[in-house]
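Subject: Structure handover

Hello,

Here is the structure we spoke about. Please keep it open while you read the notes that come after it.

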Amino acid sequence: MTRKIISILLALALSLGITGALAVDYPTGTITLICPWGAGGSTDITARAVASVAEKAFGVPVVVVNREGGASTIGTQEVALNTEGDGYTILVATINALAILPHTLGLEYSPADFKAIGQVSVRDIGIICSADKPWNDINDFLEDAKEHPGEYLVAVPQGGLQHIIFQTLCNMTGASFTVYPVSGDTENLTAVLGGVADLGVPGSYDVAGGQIEAGDIKLLCFFSDRRVEAYPDVPTLMDLGYDISVYPWTAMLVPADTDAELLAKMQEVWAGVLQDEELAEMLKKNKQMPQYLDGDSTMKSIQTQYDSFGATIEAMGLAAE
């Protein structure tokens, strides 16, 4: 039975008030996970881990398609505005595209264009510099940046999450810096290693894992409210007295026009996948923390961050006109 026929029968069943097996028969065909980042990155690795576990659980193909570009907004917008909510195209979403960039870039979509299956995981953001820099923690850099306003280049995605939270830190301390714009974590690390940028704030510190272990890169702090197990000697901003704690998340979203009964079935079957122990182990290897939230809790969290970051971005003068 084709997906189109299934969709027609599902719509007919719902219109007649039928809530039997037909109305909740999911999944029956290939599922596509849209990853709005490039292959090999942290989100892509997460998407493929989810797909692997889901295939075993569902017995149907689960395919990851990379729709990179626009700092993750291309793929996100495709699902928000141009995808039918039939349950078979799912966005592997991240915080930048949902809570930050709609404000800084004036995008056509917002959280209102989505419904959530659930949150998958969160990760830690670390601030890095090359080993030859004189700073041993972030306070060293902030004091230096106050004495040399705007002199130091910090690699962040222009107008993205790392830019906003690092600017927030500097606003709290009176330090200033100049943005060295990068489009992703690999470019961030390259800029730091090459001496083009003085400091880097990659979306996932693990991009520099090999260089940290080799002693080529220093971790100055984490934007976390508890220390990272792999680096217990690296302080968090909370440790240092700054009331800043941010955990980028990965969640699974569908278009807002997805039928409520279909969504409820999706949330039910995907909950088992997203809380699977095999998936948890895969995520940990990717330096992510498994952290499942159900659909309603996920959307509430996204909306809260969207509103909060919107106010911050407006106050910073970074909102799109």
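Predicted model: local features only at pLDDT ≥ 70, side-chain atom pairs only at ≥ 80, totals over all residues.

Backbone

Start with the loop between α1 (3–15) and β1 (31–35), which holds P27. The peptide bond that joins Y26 to P27 is cis, and its omega is near -5°.

Two residues have a positive phi without being glycine. One of them is A71, with a phi of about 55°. A71 sits in the loop that runs between β2 (62–66) and α3 (73–82). Its relative accessibility is 32%, so A71 counts as partly exposed, given that the partly exposed class lies between the 20% limit for buried and the 50% limit for exposed. The other is K287, where phi is about 60°. K287 belongs to the loop between α10 (277–285) and β11 (288–294). With a relative accessible area of 31%, K287 is partly exposed as well.

Helix α10

K287 comes after α10, and that helix is worth a look of its own. At its N-terminal end, α10 is capped by D276: a side-chain oxygen of D276 lies 2.8 Å from the backbone nitrogen of E278.

Which residues of α10 are buried? They are L279, A280 and L283. These residues lie on the same side of α10, because the arc they cover around the axis is only 100°. E277 and K285, on the other side of α10, are exposed. The cover over the buried residues of α10 includes α2 (42–58), β4 (114–123), α9 (260–274) and β11.

Nonpolar cores

The largest nonpolar core has 52 residues. Within that core, the residues that touch the most other members are I127, I138, F141, F166 and L199. If residues up to four places away in sequence are left out, F141 touches W135, Y152, V154, F166 and L199. There is also a second, separate core, made of 30 residues, and among them are A54, V64, L263 and L274.

Aromatic pairs

How many aromatic pairs are there? The count comes to 10. One of the pairs is Y109 with F114: their ring centres are 6.3 Å apart and their planes stand at 85°, so the pair is edge-to-face. Y109 and F114 are both buried.

Y205 and F222 also form an edge-to-face pair, with 5.1 Å from centre to centre and 80° between the planes. Y205 is in the loop between β8 (199–200) and α8 (209–214), while F222 is in strand β9 (residues 217–222), so this pair ties together parts that are 17 residues apart in sequence. Are Y205 and F222 buried or exposed? Y205 has a relative accessibility of 3% and so counts as buried. F222 is buried too, at a relative accessible area of 0%.

Regards

Key:
Residues numbered from 1 in each chain as written. Heavy atoms only, no water. Helix = DSSP H or I, 4+ residues; strand = E, 2+ residues; numbered from the N terminus. Buried < 20%, exposed > 50% of the residue type's maximum accessible area, 1.4 Å probe, protein only. Arc of directions from axis to C-beta. Contact = heavy atoms within 4.5 Å. Polar contact = N/O pair within 3.5 Å; in protein donor to acceptor, adjacent residues only side chain to side chain. Core = buried A, V, L, I, M, F, W, Y, C linked by side-chain atoms within 4.5 Å. Phe/Tyr/Trp six-rings, centres within 6.5 Å; stacked < 30°, edge-to-face > 60°.
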